[in-house]
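Subject: Handing over the structure

Hello,

Here is the structure I promised to pass on to you. Please open it alongside this message, and I will then go through what turned up.

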Amino acid sequence: MQALYLLALEPVAESTSDPNSYGFRRNRSTADAMSQLFVSLSQKGSAQWVLEADIKGCFDWIDHDWLVDHVLMDKEILRKWLKTGLIYQGRYQATEAGTPQGGIISPTLANMALNGLERDLMEHLVAKFGVGRARKLKVHVVRYADDFVITGDSRETLEQEVRPWVEAFLAVRGLQLSEEKTRTTHVDTGFDFLGWNFRKYSGKLLIKPSKKNVKTFYRKVAETISGNKTVKQVDLIRTLNPMLRGWAQYHHHVVAKQAYSRMEHLVFQRLWRWAKRRHSNKKADWIRRKYFLQIGDRGWVFSATAERVDGSTGQLELYHLGGTAIKRHKKVKGDFNPFDPEWEQYGEQLRQQRMEQSRGYLRQWFKLYTSQEGRCALCEQVLEFDTGWHDHHLIYKVYGGTNSLSNRVLLHPNCHRQVHARGLNVTKPAPSKT
């Protein structure tokens with residue numbers, strides 16, 4: 001039932017969301033929030049102070065009456081969900097505040113409760129100081145779910161003007177800031193947000209994996225290795241690779257090479273102890289030759305012979321953190337609404353840009369390209385690598401279209417613009433008879 005109501009409520013939430021709110025929203029991620037902070041802090045004349053804010057028990061304390069009065073959906077259904085309670089360790093517990101525990105609609109309800117934090121704050125500052133003076137305060141809000149940071153030109157601006165307004169904004173919704181986790185920090189000192197550390201070094205903003213994030217991840221890897229003392233090397237590599245790849249991909253938009261190198265060294269030490277424990281009576285050289293190979297110009301690669309999907313055998317090696325390419329993230333536009341047909345073309349290009357480096361997408365692209373015999377589905381001229389191409393949905397996603405290959409074609413960039421601007425009809429090219 002929540003899923004059905006969410007289908008109607010999510011477009012409303014998107015249309016009323018703040019431009020720089022990035023949590024639990026389609027086509028938005030932590031990387032977008034990071035990129036927006038880079039925009040707000042990286043210049044010489046950017047804000048120098050940041051209010052690091054954290055809402056105390058956001059999902060647990062949102063006021064029910066406020067949600068019922070302001071969320072545009074069936075009031076009676078919403079009230080029943082909010083008041084239904086939960087059973088914990090065999091005992092019933094009433095819920096007097098907060099969103100449904102574990103409900104798929106809860107993130108959207110929480111976002112709707114916090115919508116206006118950025119927009120209304122800006123309106124308040126403009127009303128109080130005027131447009132010119134408000135702009136000079138350099139106040140920018142970047143929020144991800146219930147974590148947010150607010151930039152400002154001075155500590156006084158953030159503590160005397162911004163924080164009291166934020167506290168009043170939250171109090172109406174039954175929420176309050178966490179005193180332990182909320183603080184005002186200078187960018188030269190640095191602050192952590194979403195697993196990254198933001199800090200200016202001699203005037204240059206660098207974003208790196210935070211020490212807490214690195215320690216937490218290493219502890220997870222170390223526990224995984226310690227908990228698999230007797231498994232085969234191949235199985236251990238298959239267990240570790242998704243963890244290492246996921247962590248590396250999360251940080252590959254920031255200054256992470258040093259963190260990658262450090263993590264590789266720590267993981268190597270753990271794996272060396274793992275190997276030595278299995279063969280305590282063998283010499284180090286024997287252990288090295290058994291578990292660590294020379295692959296290309298890389299030595300000491302934790303690798304083992306494994307069977308591939310096609311039945312052949314080859315070397316399965318531990319994911320190489322240092323080989324992860326660092327690539328700047330292109331932030332989503334703040335006004336982008338995936339439910340608005342006017343943004344359909346932008347949404348298609350955004351998805352293509354973010355997916356084109358993945359192996360899965362490259363396989364899909366090759367199938368589309370060969371099925372169209374390398375020609376544009378509109379003008380039927382050859383698709384050139386120098387001009388590029390766009391991935392177009394025949395039935396727009398805002399109208400329920402899927403990402404399946406049967407609903408997608410490749411077009412020239414200019415043809416794609418004409419399709420959306422003039423409402424041209426595009427059909428799937430018929431397969432060749434030869």
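In which helix is Leu 158 found? Leu 158 belongs to helix H9. Before going further, please keep in mind that this is a predicted model.

Leu 158 counts as buried, because its relative accessibility is 0%. Leaving aside residues up to four places away in sequence, its contacts are Trp 49, Val 50, Leu 51, Ile 150, Thr 151, Gly 152, Arg 163, Pro 164 and Thr 184.

**The chain as a whole**

The protein chain has 434 residues, of which 45% count as buried. Its secondary structure comes to 16 helices and 14 strands. Among contacts with a separation of 6 or more, 64% are between residues 24 or more positions apart.

**Charged pairs**

How many salt bridges does the structure hold? The count is 17.

Arg 163, which Leu 158 touches, forms a salt bridge with Glu 167, with the closest N and O atoms 3.1 Å apart. The two residues are four apart in helix H9, so about one helical turn separates them. Arg 163 is buried, at a relative accessible area of 16%, whereas Glu 167 is partly exposed at 33%.

Another pair is Asp 391 and Arg 408, whose closest N and O atoms are 2.8 Å apart in a salt bridge. Asp 391 lies in strand S13 (residues 390-393) and Arg 408 in strand S14 (residues 408-411), so this pair ties together parts that are 17 residues apart in sequence. Are these two residues buried or exposed? Asp 391 is buried, with a relative accessible area of 2%, and Arg 408 is buried as well, at 0%.

Asp 65 and Arg 79 also meet through their side chains in a salt bridge, at 3.8 Å from N to O. This pair links distant parts of the chain, with Asp 65 in helix H4 (residues 64-70) and Arg 79 in helix H5 (residues 75-83), 14 residues apart. Asp 65 is partly exposed, with a relative accessible area of 44%, and Arg 79 is partly exposed too, at 33%.

There is also a network of salt bridges, and it links Asp 18, Arg 119 and Asp 120.

**A buried arginine without a salt bridge**

Please have a look at Arg 173, in the loop between helix H9 (155-172) and strand S6 (183-186). Arg 173 is buried yet has no salt bridge. Why is Asp 120 not a salt-bridge partner of Arg 173? Asp 120 is the nearest side chain of opposite charge, but it is 5.0 Å away, and a salt bridge needs the nitrogen and the carboxyl oxygen within 4 Å. What Arg 173 does have is a polar side-chain atom 2.9 Å from the backbone oxygen of Phe 169. Not counting residues up to four places away in sequence, Arg 173 touches Trp 61, Ile 62, Asp 63, Trp 66, Ala 113 and Asn 115.

**A sheet with helices packed on it**

Strand S11 (residues 298-307) pairs with S12 in the antiparallel sense over five bridges, and Ala 304 has Leu 316 in S12 as its bridge partner.

Conventions. Residues numbered from 1 in each chain as written. Predicted model: local features only at pLDDT ≥ 70, side-chain atom pairs only at ≥ 80, totals over all residues. Heavy atoms only, no water. Buried < 20%, exposed > 50% of the residue type's maximum accessible area, 1.4 Å probe, protein only. Lys, Arg positive; Asp, Glu negative; His and termini not counted. Polar contact = N/O pair within 3.5 Å; in protein donor to acceptor, adjacent residues only side chain to side chain. Contact = heavy atoms within 4.5 Å. Pairing = 2+ DSSP bridges.
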